[in-house]
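Please look over the sequence and the model before reading on.

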Amino acid sequence: MTDQTPSSPTPPPLPPQSAADAARAAADPDDTGVPTVRGEVDDVGRGFFSALFDLSFRTFITRRLASVFYFVGLIAIAIGFIVYFVGGIMSAISLMWLNIGAGITGLVATIIVVPVVTFLAIILLRFIIEAVVALIAIAENTERTAEHTKH
C-alpha cells in the first residue's frame, strides 16, 4: 500500500502591489479604456446655434435645455396654482352666500386639493424631464460605444 497524501493546491501568485496601493495609484478606478470626452459628445467645439440648426439631428441639445424646460414648467405650474387656488377660494366665498355648507366644502377642497395636485404636477414634470435626459444620454453613450468598437 502506497501512502499518498493529497497535496494542497498552490495558491495563485500575489500581485506586485496591494489592492489599497493600486486604488490610491489609479487615477480613475472606473476606467473602461474608452477615451473621455468633455462636454456634449457630438458638440465638442460647436456652438449652441449650430447644434440647434443641425438638420441631420446628430447633435442633441436637450440635455443643455433640460434646466430651462424645468424652470419654465415650474413657472407654469406656479401660475396654475395661483389661478386655481385664488379662483377656488373666491368661488367658495361667493358660494357661502347661497349655501354655507357648499361654500365651506369648496374652501376645504381648494385648500387641500390644489396644493396636492400642484405637488404631483411638479413630480410628473421632473420625471418626464429626467426620462428624456436619460434617453438622450443613452443615445449619446450608444453612439460613442459604436464609434469606439468600429476600430
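The model is predicted, so local features need pLDDT of at least 70 and side-chain atom pairs count only at pLDDT 80 or more, while totals for chains, interfaces and linings use all residues. Residues are numbered from 1 along each chain as its sequence is written, and side-chain values use heavy atoms, with hydrogens and water left out.

**Overall fold**
- The protein chain has four helices and zero strands (DSSP runs numbered from the N terminus: helices are H or I, at least four residues; strands are E, at least two).
- From the N terminus on, the order of elements is α-α-α-α.

**Packing of H3 and H4**
- The axes of H3 (residues 62–96) and H4 (residues 100–150) come within 9 Å and cross at roughly 170 degrees, where axes are lines fitted to C-alpha atoms over the stretch in contact and angles run from 0 to 180 degrees between N-to-C directions.
- H3 is therefore roughly antiparallel to H4 (an angle over 145 degrees).

**Burial**
- Of the 151 residues in the protein chain, 15% are buried (under 20% relative accessible area, with a 1.4 Å probe and protein chains only).
- The buried residues in H3 are Leu-65, Ala-66, Gly-73, Ile-77, Gly-88 and Ala-92.

Key
Buried means under 20% relative accessible area, exposed over 50%, partly exposed in between (1.4 Å probe, protein chains only). Angles under 35 degrees count as roughly parallel, over 145 as roughly antiparallel, 65 to 115 as roughly perpendicular and the rest as oblique.
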